[in-house]
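Q: Hi! Could you walk me through this one while I have it open in the viewer? I'd like to start with helix packing.

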Amino acid sequence: MIQTLMHRWERQLSLRDKNRTTLPFEWGLDFLDDFQTSENPKTAIFRFNQKAISRSSEFFTHQVRNYTVSEKILEYRSSVASPYNRNNLARCRIYEAKDRTNRAVIVLPQWNANETSHVALCRLLARLGMTTLRLTLPYHEERNPVGPRADYMVSPNLGRTIQAIRQSVLDARNAADWLEGEGYSRIGLMGTSVGSCISFLTFVHDPRFKVGVFNHVSSFFGDVVWNGISTQHVRIGIEPHLTKDELHDAWAVISPNSYVSRLNDDSRKYLLISARYDLTFPPDLSHLLFEEHHRHGIPYDVSFLPCGHYTSAMTPFKHRVGYLIANYFRKHL
C-alpha cells in the first residue's frame with residue numbers, strides 16, 4: 001500500500017519537468033583522452049573505460065589552480081578543459097561558520113539543481129560550525145552554455161558525460177585545495193543524486209576528505225540511466241545504439257562500484273543514504289553498492305528513507321534528510 005502510494009507520488013513529481021529533450025546519440029570520443037581513432041568507436045570507449053579504471057588515480061588527478069574570492073563566491077579555472085569556456089570556470093558559494101573552526105564541508109547538489117538547491121543545508125552546516133562550499137556542477141547555472149536544463153552533463157553523448165563527471169570530481173578536489181590553504185584541516189564531502197556519485201568518486205580518490213555523506217546512492221551509472229524514471233529521455237537516445245549491458249561498460253569509469261575495493265583498510269567514516277521507494281535510483285541498484293562493500297569486508301554506515309527520490313525533497317522527508325546529513329558531520333567531522 002505504502003509502496004503504491006509512494007511510487008504514484010514519485011511519478012507525479014517526475015512529470016513536473018516538461019522540458020526534457022532527447023539529444024542525439026554521440027560516442028563523444030573527442031571528449032576523452034588516449035584512444036585510437038582507427039578503432040571501432042564502441043571498442044574504443046570500452047577500452048578507454050578499462051584503462052581509466054586501472055589508472056584511476058591518474059584519471060582523477062587535478063591540477064593546482066589560482067583562486068579569486070568576491071562577495072562570498074570562490075572561482076577558479078577547472079582542471080578539465082571542456083569545449084565550452086563558460087563551463088570551465090568553476091564556482092563555489094561560501095557559507096562561513098559564525099565561529100570559525102578547522103572544519104569545512106563541500107556540498108555537491110543534484111543534476112539540474114537550481115541556485116536555491118542545498119542552500120538551506122549549507123546554512124545549517126555553517127550554523128553548526130562548519131564552513132561550507134556549495135559547488136556549482138558543470139553545465140549548471142552560470143556554467144551552462146545552452147540552458148535551461150543541464151542536459152550536457154548526462155546525455156546520449158557518452159564521452160561528454162564521462163568528461164563532465166570527471167570534471168566535477170576534479171573541481172571538488174580543487175575546492176579542497178582552497179580550503180586547505182585557508183587553514184581547514186577537517187574537510188567533509190556531501191552529494192545528492194548525481195552529486196552523490198561524484199562525491200563518492202572524489203572521496204575514494206582523495207584521502208583529505210575525512211568524512212562523507214552520500215545521499216541517494218547507487219552502483220552503476222549506466223544502469224541508473226537505463227532504469228531510472230528521470231533519465232528515460234537519455235535512454236531513448238542511447239537504446240538504438242547500445243544494449244543495457246554495453247552502456248554499463250561504457251560508463252563503468254564513472255560508476256561507484258568500480259572503486260569500492262580501493263576503500264580496503266580505509267578507516268574514514270561515511271554514510272550511504274538510500275530511499276526505499278526510489279524510482280530514479282532504484283533500490284536494487286543501490287543494494288549492489290552495499291553488497292560490494294560486504295564482499296570486500298568494508299564497513300560503512302547506512303540509512304534508509306521511507307520515501308522516494310523526488311519525495312525526499314518534500315515535507316516531512318526533507319527534514320529527516322537534513323538531520324541525517326548535519327548530524328553525521330556534527331558527530332564525525
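Q: At what angle do helix 5 and helix 6 pack, and how far apart are their axes?
A: Their axes are 9 Å apart, and the angle is about 60°, with helix 6 covering residues 194-205. Helices here are DSSP runs of H or I with at least four residues, strands are E runs of at least two, and both are numbered from the N terminus. Axes are lines fitted to C-alpha atoms, for helices over the stretch in contact, and angles run from 0 to 180 degrees between N-to-C directions.

Q: Before we go on, what kind of model is this?
A: This is a predicted model, in which local features need pLDDT of at least 70 and side-chain atom pairs count only at pLDDT 80 or more, while totals for chains, interfaces and linings use all residues. Residues are numbered from 1 along each chain as its sequence is written, and side-chain values use heavy atoms, leaving out hydrogens and water.

Q: Thanks. Back to helix 5 and helix 6: which orientation class do they fall in?
A: Helix 5 and helix 6 are oblique to each other. Angles under 35 degrees count as roughly parallel, over 145 as roughly antiparallel, 65 to 115 as roughly perpendicular, and the rest as oblique.

Q: Left-handed or right-handed crossing?
A: Helix 5 and helix 6 cross in a right-handed way. A crossing is left-handed if the near helix is turned anticlockwise from the far one by less than a right angle, and right-handed if clockwise.

Q: Which residues make that contact?
A: Helix 5 contributes Ile 165, Ser 168, Val 169, Ala 172 and Arg 173, and helix 6 contributes Val 194, Ile 198, Leu 201, Thr 202 and His 205. Contact means heavy atoms within 4.5 Å.

Q: And helix 2, how does that sit against helix 5?
A: Helix 2 (residues 41-54) and helix 5 have axes that come within 11 Å and cross at roughly 20°, so the two are roughly parallel. This crossing is left-handed. On the helix 2 side are Ile 45, Phe 48 and Asn 49, which meet Leu 158, Gly 159 and Ile 162 of helix 5.

Q: What span should helix 5 have, and what does the model give?
A: Its 24 residues should span 34 Å at 1.5 Å a residue, and the end C-alpha atoms are 35 Å apart, which agrees. The expected span is 1.5 Å times one less than the number of residues.

Q: How many of the residues in helix 5 are buried?
A: 22 of its 24 residues are buried, so the helix is mostly covered. Buried means under 20% relative accessible area, exposed over 50%, and partly exposed in between, using a 1.4 Å probe and protein chains only.

Q: What happens at the two ends of helix 5?
A: At the start, a side-chain oxygen of Asn 157 comes within 3.4 Å of the backbone nitrogen of Gly 159. Just after the helix, Gly 183 has a positive phi of about 95°.

Q: Let me click on Gln 167. Is that buried or exposed?
A: Gln 167 is in helix 5 and is buried, at 0% relative accessibility. Its side chain makes polar contacts with the side chains of Ser 78 at 3.2 Å and Asn 88 at 3.3 Å. A polar contact is a pair of N or O atoms within 3.5 Å; within protein, one must be able to donate a hydrogen and the other to accept it, and residues adjacent in sequence count only if both atoms are side-chain atoms.

Q: New topic: where is His 140, and what does its side chain reach?
A: His 140 is in the loop between strand 5 and helix 5, and its side chain reaches the backbone nitrogen of Asn 112 at 2.7 Å. His 140 is buried, with a relative accessible area of 3%.

Q: Last one: which peptide bond in that loop is cis?
A: The bond from Gly 147 to Pro 148 is cis, with omega near -5°, and Pro 148 lies in the loop between strand 5 (131-135) and helix 5 (158-181).
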